[in-house]
Amino acid sequence: MEAGAATTNAAARNKLTLVPDPWPDQGLFTRSDHYSFVRQGVPAISLATGTTSFTAGEDGAKVVEGFLHTHYHQPSDEIHEGWRYDGI
């Protein structure tokens, strides 16, 4: 089975939605740890949390961007009790 089809099937079985990279200008895939394998011809995919919020009216993309700008790789980059994991 092709990697794309396998990924689509696995996502569907787990009730996940695949979406295009929301930030292609940041080059997250080419900056990933597994990109060196891709350059050698090893197929790879990059999965990340999405930007859809469970809170009605909330812009999930803005929440993620705010977290990345304020907390990512900072001392405040910690798990918080109020975070929802029901979409994982």
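The model is predicted: local features need pLDDT of at least 70 and side-chain atom pairs pLDDT 80 or more, while totals for chains, interfaces and linings use all residues. Residues are numbered from 1 along each chain as its sequence is written, and side-chain values use heavy atoms, without hydrogens and water.

Along its principal axes the C-alpha trace spans about 40 × 30 × 25 Å. Of the 88 residues, 7% count as buried (under 20% relative accessible area, with exposed over 50% and partly exposed in between; 1.4 Å probe, protein chains only).

Asp-21 lies in the loop between α1 (3-13) and α2 (35-39). Its relative accessibility is 38%, so Asp-21 counts as partly exposed. The C-alpha atom of Asp-21 is separated by 22 Å from that of Arg-84, 63 residues apart along the chain.

One aromatic pair is found in a search of the whole structure (ring centres of Phe, Tyr or the six-membered ring of Trp within 6.5 Å; planes under 30 degrees apart are stacked, over 60 edge-to-face, the rest tilted). The rings of Phe-29 and Tyr-35 have centres 5.7 Å apart and planes at 75°, so the pair is edge-to-face. Phe-29 is partly exposed at 27%, and Tyr-35 is partly exposed at 24%.

How values were computed: Helix = DSSP H or I, 4+ residues; strand = E, 2+ residues; numbered from the N terminus.
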